[in-house]
Amino acid sequence: MEMVRRFEFDAAHRLTKGAWSPCHNIHGHRYMVDLKLDSPGLDKTDMVINFSDVKAHIIAPMLVTLDHSIILNHSDESGIIEVCKKNNFKMVLLDGDPTVEVLTWWMQKQAEVCTEKYFSASFAVGITCFETPNCSVST
């Protein structure tokens with residue numbers, strides 16, 4: 001049985017690879033994310049997992065990190081990383097360009113770590129991240 005919990009956050013990013021596009025400029029999105037936890041059965045309370053526990057132990061840590069941040073490639077050579085550090089701006093550095101694909105992969109790994117740390121049951125974790133209302137990537 002699959003449980004889905006949706007959350008949203010606002011963040012800026014810029015892309016550094018590939019042909020020039022408007023996305024090379026710093027710009028923002030309101031990301032919408034569906035966190036999916038799949039379990040072979042229900043727990044002793046007849047749930048896949050309590051939604052409140054999912055929010056507290058998986059979603060909240062991600063929101064603390066991502067919401068109102070600038071998400072950048074750790075190899076960005078534009079000088080923006082130094083500017084963000086100097087001004088103590090909230091920044092997330094990814095191993096690759098902060099495309100919705102790389103961000104979705106990063107969130108998948110974060111959710112897996114939190115799930116293993118806080119829950120005894122074994123869950124298959126999935127993420128669907130919408131960068132715009134019409135464009136998404138799923139793990």
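Two strands are taken to pair if DSSP finds at least two bridges between them; helices (H or I, at least four residues) and strands (E, at least two) are DSSP runs, numbered from the N terminus. The model is predicted, so local features need pLDDT of at least 70 and side-chain atom pairs pLDDT 80 or more, whereas totals for chains, interfaces and linings use all residues. Residues are numbered from 1 along each chain as its sequence is written, and side-chain values use heavy atoms, with hydrogens and water left out.

**View 1. The E2–E5 pairing within the open sheet.** Strands E2 and E5 run antiparallel and are joined by 7 bridges. Aspartate 34 has threonine 128 of E5 as its bridge partner. The open sheet comprises 6 strands in the order E4-E3-E1-E2-E5-E6, with mixed pairing. Because E4 and strand E6 (135–138) each have a single partner strand, they stand at the edges, and one side of each lacks a neighbour in the sheet. On average, neighbouring strands are turned by 35° against each other, direction ignored; axes are lines fitted to C-alpha atoms, for helices over the stretch in contact, and angles run from 0 to 180 degrees between N-to-C directions.

**View 2. Helices H1 and H3 against the sheet.** Contact denotes heavy atoms within 4.5 Å. H1 packs on the sheet and touches E1, E2, strand E3 (69–73) and E4, its direction making about 15° with that of E1. H3 also packs on the sheet, touching E1, E2, E3, E4, E5 and E6, and its direction makes about 145° with that of E5.

**View 3. The largest nonpolar core.** A nonpolar core is a set of buried Ala, Val, Leu, Ile, Met, Phe, Trp, Tyr and Cys residues joined through side-chain atoms within 4.5 Å; buried means under 20% relative accessible area, exposed over 50%, and partly exposed in between (1.4 Å probe, protein chains only). The largest such core has 30 residues, and those with the most contacts inside it include Phe9, Leu35 and Met107. H3 provides the largest share, 6 residues. Leucine 103 contacts Phe9, Tyr31, Leu66, Ile71 and Leu94, leaving aside neighbours within four places in sequence.

View 4. Glutamine 108 lies in helix H3 and is buried, at 8% relative accessible area. Its side chain forms a polar contact of 2.4 Å with that of threonine 139 (a pair of N or O atoms within 3.5 Å; within protein, one must be able to donate a hydrogen and the other to accept it, and residues adjacent in sequence count only if both atoms are side-chain atoms). Valine 125, in strand E5, is buried at 14%.
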